[in-house]
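Here are some friendly notes to read alongside the model. Please keep the structure open as you go through the points.

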Amino acid sequence: MYDKNNIFAKILRKEIPCNKIYENEASLFFYDINPQAKIHVLGIPKIECSDFYDFVRLADKKTLSSFFESVSLVIKKLNIEKNGYRIISNSGSHGGQEVPHFHIHILAGEKIGSLR
Ligand code: AMP
């Protein structure tokens, strides 16, 4: 069950601000408030979905492709396509997800440490 009061839902409703890098009709990209790398951007779709599984289940094909095309566009905008980056999506308690609205992290700008 989607929690309409999660912080990203509030950002989408413009109840709280974010440091936006890109937005279109399907998604919003903004800087993480607590960056774990020199560049740390979050990307969220605008539909109500709790995690990756939920997003793929609920979104139509146009929304799905639009979201991932936007990820690519943001990578280009950040100028990180050559040096590289890491994309992460935490899901559920085992995945360490804190905010229950599907999101991806884009980490870049320096060498990102090993996964563990
Ligand atoms: P996760 O653990 O994958 O759910 O990540 C949630 C992320 O959201 C964390 O990296 C937080 O630093 C970030 N975050 C929480 N609140 C905000 C906010 N108001 N603006 C930007 N990033 C946020």
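1. Is Glu 48 buried, partly exposed or exposed? Glu 48 counts as partly exposed because its relative accessibility is 40%. Here buried means under 20% relative accessible area, exposed means over 50%, and partly exposed lies in between, using a 1.4 Å probe and protein chains only.

2. A word on the source: this is a predicted model, in which local features need pLDDT of at least 70 and side-chain atom pairs count only at pLDDT 80 or more, while totals for chains, interfaces and linings use all residues. Residues are numbered from 1 along each chain as its sequence is written, and side-chain values use heavy atoms, with hydrogens and water left out.

3. Now look for the salt bridges, of which the structure holds 7. A salt bridge is a side-chain nitrogen of Lys or Arg within 4 Å of a carboxyl oxygen of Asp or Glu. In one of them, Glu 48 pairs with Lys 4, and their closest N and O atoms are 2.7 Å apart. This pair links distant parts of the chain, 44 residues apart: Glu 48 sits in the loop between E3 and helix H2 (52-58), and Lys 4 in the segment before helix H1 (7-12). Helices (H or I, at least four residues) and strands (E, at least two) are DSSP runs, numbered from the N terminus. Lys 4 counts as partly exposed because its relative accessibility is 47%.

4. Next, find Glu 23, which is partly exposed with a relative accessible area of 28%. Its side chain meets that of Lys 14 in a salt bridge (3.9 Å, N to O), and Lys 14 is exposed, at 62%. Glu 23 also forms a salt bridge with Lys 46, with the closest N and O atoms 2.8 Å apart. Salt bridges that share partners join Lys 14, Lys 20, Glu 23 and Lys 46 into one network.

5. Finally, the inside. A nonpolar core is a set of buried Ala, Val, Leu, Ile, Met, Phe, Trp, Tyr and Cys residues joined through side-chain atoms within 4.5 Å. The largest one has 19 residues, and Phe 29, Val 41 and Val 74 have the most contacts inside it. Strands E1 (20-23), E3 (39-45) and E5 (104-108) and helix H3 (61-78) each give two or more residues to this core, with H3 giving the most, 6 residues. A second, separate core of 7 residues includes Phe 8, Ile 11, Leu 28 and Leu 42.
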